[in-house]
Amino acid sequence: MEWQGFALVLAGAVALASYQIINKKSLAKDVPADCIGVVNFLGSACLLIVISFLFDPPNIASWFAYPGGLFWPLIVSSVLNVIIMYGGVRALKHGDASLIAPIAATQPMVVLIPSWIILGEIPDAWGYAGLFLLAVGMYIFSFGEEVYT
């Protein structure tokens, strides 16, 4: 892996940790979880729209065509992201960020099944190794919680 890949992964990890900590601090100040979820979702949507038009504007031939249109995947993705963000903020409200963040790191395992069904993408050997390490890490994490509580 080139150094740029390592730098991007490190920056993403720092950004995700900062996101979780800011959300938890906001919840500690009695900000409603629904408000935090809406601000996160709308803020990221606006930022992504601006970035997508700045760097490479999308060429959309037909919005409503089923296999190649943008509307239906956009709607499904939006609904799923709203549910995921709402659930993540509600989980932070009831638990510590240090306990919730590792569970959120299992997202690649959850994304694998729909991508296999919808897109036909199958991970290679490195992908399976990463999924195995995620599963082992979550098992160790859950076992460690039982021992120390």
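Buried here means under 20% relative accessible area, and by that criterion 13% of the 149 residues in the protein chain of this predicted model are buried.

**View 1. Overview of the predicted protein chain, with its six helices.** The secondary structure comes to six helices and zero strands, so that from the N terminus on the elements run α-α-α-α-α-α. Among contacts between residues at least 6 apart in sequence, 60% join residues at least 24 apart. The accessible surface of the chain comes to about 11,600 Å², and 75% of this area belongs to carbon and sulfur atoms.

**View 2. Confidence of the prediction along the protein chain.** The chain averages a pLDDT of 77, and 84% of the residues score at least 70. Confidence is highest in α1, at a mean of 83, whereas it is lowest in helix α4 (residues 97–104), where the mean is 71. Where pLDDT is low, the predicted coordinates should not be read in detail.

**View 3. Helix α1 and its buried residues.** The helix covers residues 3–28; it has 26 residues and reaches 37 Å from its first C-alpha to its last, close to the 38 Å expected at 1.5 Å a residue. Gln20, Asn23 and Leu27 are buried in α1. An α-helix has 3.6 residues a turn, so residues three or four places apart point the same way.

View 4. Asn23 counts as buried because its relative accessibility is 4%, while the cut-off for a buried residue is 20%. Leaving aside its neighbours within four places in sequence, Asn23 is in contact with Ile36, Asn40, Val89 and Leu92. Of these partners, Val89 and Leu92 fall within the range of helix α3 (residues 71–94), and Ile36 and Asn40 within that of α2 (33–55).

**View 5. Asp30, in the loop between α1 and α2.** Asp30 follows α1 and has a positive phi of about 65° although it is not a glycine.

**View 6. A nonpolar patch on the surface, including Ile75 of helix α3.** The patch is formed by Trp72, Ile75, Val76, Val79, Leu80, Ile83 and Ile84, which together have about 660 Å² of accessible area. Ile75 lies in helix α3, which covers residues 71–94. At 37% relative accessibility, Ile75 counts as partly exposed, because this class lies between the 20% limit for buried and the 50% limit for exposed residues.

**View 7. Helix α5 and the glycine that follows it.** Helix α5 covers residues 107–119 and has 13 residues; from its first C-alpha to its last it reaches 17 Å, close to the 18 Å expected at 1.5 Å a residue. The helix is followed by Gly120, whose phi is positive, near 75°.

Technical notes: Residues numbered from 1 in each chain as written. Predicted model: local features only at pLDDT ≥ 70, side-chain atom pairs only at ≥ 80, totals over all residues. Heavy atoms only, no water. Helix = DSSP H or I, 4+ residues; strand = E, 2+ residues; numbered from the N terminus. Buried < 20%, exposed > 50% of the residue type's maximum accessible area, 1.4 Å probe, protein only. Contact = heavy atoms within 4.5 Å. Patch = residues over 30% accessible without salt bridge, like charges linked within 9 Å, V, L, I, M, F, W, Y side chains within 5 Å. Areas by Shrake-Rupley, 256 points an atom, 1.4 Å probe, with all protein chains shown as cover. Salt bridge = Lys/Arg side-chain N within 4 Å of Asp/Glu carboxyl O. Expected span 1.5 Å × (residues − 1). pLDDT = per-residue confidence, 0-100.
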